[in-house]
Amino acid sequence: AMAAWRDALAAAGRMEEKEPLKAAEAYSRIVKELSAARGHTKSQAEEKEISSIIAEARKGFDVCEKRILRAKAEAAAAPKKPVPAVPAPAPSGDQQPSQAG
């Protein structure tokens with residue numbers, strides 16, 4: 001059973017960079033479900049393993065939270081310029097603006 005939680009933890013870790021919100025939700029679910037299971041452990045070793053996974057998930061959640069906040073701050077600080085849905089054709093003689101992503 002602990003291997004499945006480790007797999008879930010690893011999957012959330014792989015999502016951190018590209019999808020920090022989904023990763024944060026996954027970490028949150030891991031913490032919530034393992035915290036509920038914590039009282040029903042059969043051994044001290046299992047309790048220790050659960051505590052370790054919860055600690056890693058909390059750490060991962062914090063990383064995601066920082067990424068999300070940083071992305072929001074960058075978006076707020078970025079100059080707002082309207083982006084046309086369809087690029088207008090450049091007048092002859094003018095240079096086409098580069099489309100940086």
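Leaving aside neighbours within four places in sequence, which residues is Ile 30 in contact with? In this predicted model, Ile 30 is in contact with Trp 5, Ala 8, Leu 9, Ile 53 and Ala 57, where contact means heavy atoms within 4.5 Å.

**Basis of the model**

- Residues are numbered from 1 along each chain as its sequence is written, and side-chain values use heavy atoms, with hydrogens and water left out.
- Because the model is predicted, local features need pLDDT of at least 70 and side-chain atom pairs count only at pLDDT 80 or more, whereas totals for chains, interfaces and linings use all residues.

**Overall architecture**

- The chain contains three helices and zero strands; helices (H or I, at least four residues) and strands (E, at least two) are DSSP runs, numbered from the N terminus.
- Read from the N terminus, the order of elements is α-α-α.
- Of the 101 residues, 20% count as buried, a class defined by under 20% relative accessible area, with exposed set at over 50% and partly exposed in between (1.4 Å probe, protein chains only).
- Among contacts in the chain with a separation of 6 or more, 56% come from residues 24 or more positions apart.

**Nonpolar core and Ile 30**

- The largest nonpolar core comprises 16 residues; such a core is a set of buried Ala, Val, Leu, Ile, Met, Phe, Trp, Tyr and Cys residues joined through side-chain atoms within 4.5 Å.
- Helices H1 (2–15), H2 (20–37) and H3 (44–77) each give two or more residues to this core, and H2 provides the largest share, seven residues.
- The residues with the most contacts inside the core are Trp 5, Leu 9, Tyr 27, Ile 30, Leu 34, Ile 53 and Ala 57.
- Ile 30 has a relative accessible area of 0% and is therefore buried.
- The C-alpha atoms of Ile 30 and Ala 8 are separated by 7.7 Å, although the two residues are 22 residues apart along the chain.

**Packing of H1 with H2**

- The axes of H1 and H2 come within 8 Å and cross at roughly 160°; axes are lines fitted to C-alpha atoms, for helices over the stretch in contact, and angles run from 0 to 180 degrees between N-to-C directions.
- This angle makes H1 roughly antiparallel to H2, the term for angles over 145 degrees.
- The crossing of H1 and H2 is left-handed, meaning that the near helix is turned anticlockwise from the far one by less than a right angle.
- Residues making the contact include Trp 5, Ala 8 and Leu 9 of H1 and Tyr 27, Ile 30 and Leu 34 of H2.
- By class, the contact of H1 with H2 has 11 nonpolar, one polar and two charged residues; Ala, Val, Leu, Ile, Met, Phe, Trp, Tyr, Cys and Pro count as nonpolar, Asp, Glu, Lys and Arg as charged, and the others, Gly among them, as polar.

**Packing of H2 with H3**

- H2 and H3 pack at about 155° with their axes 8 Å apart, and are therefore roughly antiparallel to each other.
- H2 passes H3 in a left-handed crossing.
- The contact of H2 with H3 divides into 15 nonpolar, three polar and two charged residues.

**Loop between H2 and H3**

- Thr 41 is found in the loop between H2 and H3 and, at 23% relative accessibility, counts as partly exposed.
- Not counting residues up to four places away in sequence, Thr 41 touches Glu 46, Glu 47 and Ile 50.

Note on methods. Angles under 35 degrees count as roughly parallel, over 145 as roughly antiparallel, 65 to 115 as roughly perpendicular and the rest as oblique.
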